[in-house]
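Me: I'd like to learn how to read helix packing and sheet order. Could you walk me through a case?

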Amino acid sequence: MEQLSTAAFFPGAFPTPGDGIPALLLFFWDAVRAPLIAPLLRVIMVICSALSIIQFVERIYMGVVIIAVKLLRRTPEKRYKWEPIKDDTELGNSVYPMVLVQIPMFNEKEVYQMSIRAACGLSWPSDRFIIQVLDDSTIPAIKDMVELECKKWASKGINIKYEVRDNRTGYKAGALKEGMKRSYAKECDYVVIFDADFQPESDFLHRSIPYLIHNPRLALIQARWIFVNSDECMMTRLQEMSLDYHFTVEQEVGSSTHAFFGFNGTAGVWRIAAINEAGGWKDRTTVEDMDLAVRAGLKGWKFLYLGDLQVKSELPSTFKAFRFQQHRWSCGPANLFRKMVMEIARNKKVTLWKKVYVIYSFFFVRKIIAHINNFLFFCVALPATVVVPEVEIPKWGGVYIPTATTIINAIGTPKSFHLTIFWIMFENVMSLHRAKATIIGLLEGSRANEWVVTEKLGDILKGKTAPKTTRKPMFRIGDRIHLAELGVGAYLFFCGCYNMLYGKNYFFVFLLVQSISFFIVGFGYVGTIVPS
């Protein structure tokens, strides 16, 4: 590959003060590239290639497990006992266990009605379940509306409790923990958790609770999320592709092999005895759900994922909400890994293989490597090889493995397979935030415990609740312009142009397309814009 050098533009071996700053910079680059930059970049490429192989092997392993589960028909009913609860004329409703349904909320103006309505519509004897609305709202008007909604359903005979706190200590974990302290909660055997945008079907309890009744070592039943607004915009379609893979593959693999996976924080049923034995809810990280799951798993409790038990929910459709969510989902697991890795390694109650699975597969590969390596490899190291010809890209590392990994991921959502290219570009853009959040979590930086509730829009974009207005949506410039994305986009654009002018391959196609993706996000043209 022909390279741009000082001699190509300026005659003479060394620049003179009269040659100007560009000549000095080019001369300096020629001087340090081969002896310093190339060896460092070569080491980075070797590390990134090794991590890519680890990720690929993990994908293959999970794919093999899923195929085996399908071929051997290892359905939940075959692995665990399940029988419907039968009515008894003598015992009456006492054959049904007491169930607590918790709905944590925080300023959920757009969705509080539908979540309460769905919970009140659950099919279960009215005297055997209690709905607990945990309202941490800070806006008095919204608190009044939620309380009024609870009173409306209480007047219809539903056993619903409206609970508030004086402060938001512990955020969601604090609210759930406080709710469990109520006297009526202590009478319950199981607790179901639904976030404010989740809408379970009426038979949710009848399909999940029997597993816990007949299998005393089962602690958790996790349902699958489905999304009511997946077609709202391109960003929600791409989110659906990532989350579908998480549920259909990652959660199923953990459930089928080690009876362990991360609780998703909602749409799940917990055995209260397991929560208590694990130490209850803790707010030391922003992933209180995963924290509880890991501690319960280390106590020997088992988890079951039910892929056919589906609960409707909402995807964040504004980029601001999605970015905050991804920060929490990336930073929290890394921070939890830092806090628990030695505790997991020293545990005596679970098998060695389960400890290896939790530390290596669950945490290290999926929560650490996946976020850091994707950004470092595709957005930093690979583009840098364009201007450092001494470092070559092996085709297996730059093309074959990434392509195979991408196809495996995209298979989880067949209806969106044609969007795979867009998904790759968007995932690479988001890897910037995920890598940053992961490092913050590992180092326990200042934003390690940052908690921003994901904004839910409900029907606001359909015009059902939004006021009519002829004005254009107002926004702050900081909400639309993202300097980090623009900076990476400029770097990729430079590398792409350089490769197009002086390179002997077509790597510039990827670089320029990827740079455009960063620019689109950087200028805020992604997701929906909420009317003010």
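Reply: Gladly! Contact means heavy atoms within 4.5 Å, and helices (H or I, at least four residues) and strands (E, at least two) are DSSP runs, numbered from the N terminus. This is a predicted model, where local features need pLDDT of at least 70, side-chain atom pairs count only at pLDDT 80 or more, and totals for chains, interfaces and linings use all residues. Residues are numbered from 1 along each chain as its sequence is written, and side-chain values use heavy atoms, with hydrogens and water left out.

Me: Which residues of helix 12 and helix 16 meet?

Reply: Phe375, Cys379, Val380, Pro383 and Ala384 of helix 12 meet Val488, Tyr491, Leu492 and Cys495 of helix 16. By class, this contact has nine nonpolar, no polar and no charged residues (Ala, Val, Leu, Ile, Met, Phe, Trp, Tyr, Cys and Pro count as nonpolar, Asp, Glu, Lys and Arg as charged, and the others, Gly among them, as polar).

Me: At what angle do helix 12 and helix 16 pack?

Reply: Two packed helices are described by the angle between their axes and the distance between the axes. Helix 12 (residues 352-384) and helix 16 (residues 483-502) pack at about 35°, with axes 9 Å apart. Axes are lines fitted to C-alpha atoms, for helices over the stretch in contact, and angles run from 0 to 180 degrees between N-to-C directions.

Me: What is the strand order in the open sheet?

Reply: Strands of a sheet pair through backbone hydrogen bonds, either parallel or antiparallel. Here seven strands run in the order 3-2-1-4-6-5-7, with mixed pairing (two strands pair if DSSP finds at least two bridges between them). The edges are strand 3 (160-164) and strand 7 (302-313), each pairing on one side only. Strand 4 (residues 190-193) and strand 6 (residues 268-271) pair in the antiparallel sense over four bridges, and Val192 stands opposite Val269 in strand 6.
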